[in-house]
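Subject: Structure handover

Hello,

Here is the structure you are taking over. My notes on what was found in it follow below.

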Amino acid sequence: MIHLPVLITDLGLILAAAGITTLLFKRIKQPLVLGYILAGLLVGPHIKFIPTVTDNESIHIWAEIGVIFLLFSLGLEFSFKKLVKVGGSASITAIVEVVFMLLIGFVAGLAMGWSTMDSIFLGGILSVSSTTIIIRAFEELGVKHKKFAGLVFGVLIVEDLVAILLLVLLSTLAVSQQFAGAEMLVSILKLCFFLVLWFIGGIFLVPTFLKATKKLMNDETMLVVSIALCLLMVLLAVKVGFSPALGAFIMGSILAETTQAERIEHLTKSVKDLFAAIFFVSVGMLINPSILIDYAVPILIITLATVIGKFLSSGLGALVSGQPLKTSVQTGLSLAQIGEFSFIIATLGVTLKVTSDFLYPIAVAVSAITTFTTPYLIKFSEPFYMFLERRLPKKWVEGINRYSSSTAGITTLSDWKTLLKSYTFNLIIHSVILIAIVFLGSKYLQPFITKNLINGNNGIVISLIMTLFIMTPFLWALAIRRIERKAYSHLWLNKKYTRGPLVALEVLRIGLAIFFVGILIYQFYSTWISIVIAIALIVSCMFIFSRRLQGFYNKLESRFLLNLNAREAQNAQPEILPWDTHLVELSVAPESTLVGKTLVDLSVREKYGVNIALIERGKIMIPTPGRDERLYPNDKVLVIGTDDQLAAIKELFEGSIDENMQSSFPKEDMSLQK
């Protein structure tokens, strides 16, 4: 008799249960994630009257793969460019929310008599909202075109990065079992160092590689290469002491900056969906129904803390960032849930065996409840705002409106801010690159040359020269390169400012470059005479060959910027306007009454008060279309307007089907006969 491996039997059981429950949840229009969790509960070890999974260890391995692909797909949607463009409002809102929810979770855990570690992990679980649930709720309620939706998406982007930081910090905390500030600081600095290094290296190398192999990349090879890149970054992340999830997220965010991002996202979606389903089923397998009954009161308390805490913290953050009261209320109620990142944080606690058994099922139960409440809270947000506006003192409402209006005008930067921002970026980026080169040269290049090519002192000298040669362009950029010439000239010529701070900045740059050269040489030789001689030589070379170094560095920089902005250049769109009106993309449905009509005939500006900024027809872009331009089926139109104006015109774009015309067509199958 042929013996079937237990792994295949368990996998078949998991997918069969997941398939049945997801069909059911699709029928009742509920999130599929809850269906997967229910499937895990059914095939888990706690329910005996149906077949259960026997090899839990293998399922945990599949679940780990699921986390990797889930984070990889989140990275593809994340993009560091999006984070930079998020703006102050979303960043402030996200930071205020995360800080408050960490405190609320920690205090709630201690108040219920939980251990310190359980309380810390509870704070982490409650601090991150669910991207999947919010996007689904926005699509179902048709509010993606509204102004507050843009702020919510920006907050979710910042929260993704904060969640990655939390994973690293909680891992460090769980392993050390200490609350030492020094260890936390080292972990944060280490994470920041590798984030910058991986991002710079990834943006320089990966898009260049994809461009060079573009003609060879069919769908099959693109899928294989994408997954290979993801797993290579996972290996690299684990090698330097981070979680596999971080590596997957970083590679996803690097690929998100390439022109192939949409294609990769499309190709990897099926793989992600499969393994993510296994992960969420494994989440359900860890739930013990008896624990949920025993901890019904804590579940209720934490659910209330999540909904009320997130509403207050997100709303307060939005108000502080200068958003109107209406937008702040809508944002706060939209973010009042926990989701996929919360499961990953809870899984981390279970994997490291630092949290109690009850915390994981409680987190899942709270997520399930808040998933159900999210659409109702979003729908309720506008009436609740109107209720607040009536109840709050008029002075408060007027004060909030004045504050919102005044912060909207803060867009200019002084010369000092511009200069210091550029100098800080220059210092951080090149310091990270130089530290990486010093480390690679001393730990890998020198041992390789002395062992395999040239022994003794000659091998050390050659290794040192090669490393210095690689460092030279970046040393020049750190110490000599001119940055923000216009702002620098204004400050140098302005009599209000002394030139001392500017000179101090230049001295600091040169001092740092010399410091890095000294550190490198100290790795090879411990004598101070050799260090002084080498520093003198490298400084002389930088000044003598300054023009050549500038040309070489400019080539590197232009290649990096070309790769970084390639996707943006490919999908260039007008800037979103900074007042109450905003930009949204609408598609012309084939059955819409707009089809075939010119813009002057439609008179959308006169009738609805909106402006058409751009028409995208396949690969053709028509910016600021003229009055005689016509609309055709499936045109993508960028429209500028307020929430109410866009809601009114949205129905016109979507169109409607005449039921009488539809029913007059014969419903029988058509066939071709002789």
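A salt bridge here is a side-chain nitrogen of Lys or Arg within 4 Å of a carboxyl oxygen of Asp or Glu. Before the findings, some ground rules. This is a predicted model, in which local features need pLDDT of at least 70 and side-chain atom pairs count only at pLDDT 80 or more, while totals for chains, interfaces and linings use all residues. Residues are numbered from 1 along each chain as its sequence is written, and side-chain values use heavy atoms, with hydrogens and water left out.

Overall make-up

The protein has 28 helices and four strands; helices (H or I, at least four residues) and strands (E, at least two) are DSSP runs, numbered from the N terminus. Of its 674 residues, 48% count as buried. Buried means under 20% relative accessible area, exposed means over 50%, and partly exposed is in between, with a 1.4 Å probe and protein chains only. A contact means heavy atoms within 4.5 Å. Among contacts with a separation of 6 or more, 79% are between residues 24 or more positions apart.

Salt bridges

How many salt bridges does a search of the whole structure find? The search finds seven.

One of them joins the side chains of Arg 263 and Asp 219, at 3.2 Å from N to O. This pair links distant parts of the chain, with Arg 263 in helix 12 (residues 261–285) and Asp 219 in helix 10 (residues 219–239), 44 residues apart. Arg 263 is partly exposed at 24% relative accessible area, and Asp 219 is also partly exposed, at 46%.

Another pairs Glu 382 with Lys 326, whose closest N and O atoms are 3.5 Å apart. Glu 382 lies in helix 17 and Lys 326 in helix 15 (residues 325–334), so this bridge ties together parts 56 residues apart in sequence. Glu 382 is partly exposed at 25% relative accessibility, and Lys 326 is partly exposed at 25%.

Asp 635 and Arg 617 form a further salt bridge, with the closest N and O atoms 2.9 Å apart. Asp 635 lies in the loop between strand 3 (620–623) and strand 4 (636–641) and Arg 617 in strand 2 (residues 611–617), so the pair ties together parts that are 18 residues apart in sequence. Is Asp 635 buried or exposed? At 1% relative accessibility, Asp 635 counts as buried, whereas Arg 617 is partly exposed at 22%. Salt bridges that share partners also join Lys 269, Lys 272 and Asp 273 into one network.

Nonpolar cores

In soluble globular proteins, nonpolar side chains tend to be buried together. A nonpolar core is a set of buried Ala, Val, Leu, Ile, Met, Phe, Trp, Tyr and Cys residues joined through side-chain atoms within 4.5 Å. The largest one has 138 residues, and those with the most contacts inside it are Leu 71, Trp 198, Phe 242, Leu 255, Phe 279 and Phe 341. Helix 8 (residues 147–176) supplies the largest share of this core, 17 residues. Leaving aside neighbours within four places in sequence, Leu 255 is in contact with residues including Phe 72, Leu 76, Val 206 and Leu 229. A second, separate core of 17 residues includes Leu 594, Leu 599, Val 604 and Ile 612.

The axes of helix 3 (residues 56–78) and helix 10 come within 11 Å and cross at roughly 110°. Axes are lines fitted to C-alpha atoms, for helices over the stretch in contact, and angles run from 0 to 180 degrees between N-to-C directions. The two helices are therefore roughly perpendicular to each other, a label for angles of 65 to 115 degrees, with under 35 roughly parallel, over 145 roughly antiparallel and the rest oblique. At this crossing, Ile 68, Phe 69 and Phe 72 in helix 3 meet Ser 226, Ile 227, Cys 230, Leu 231 and Val 234 in helix 10.

Gly 284 lies in helix 12 and is buried, with a relative accessible area of 0%. The C-alpha atoms of Gly 284 and Ile 37 are separated by 4.1 Å, although the two residues are 247 apart along the chain.

Ser 367 lies in helix 17 (residues 359–391) and is buried at 2%. Beyond residues up to four places away, Ser 367 touches Ile 338, Gly 339 and Phe 343.

Regards
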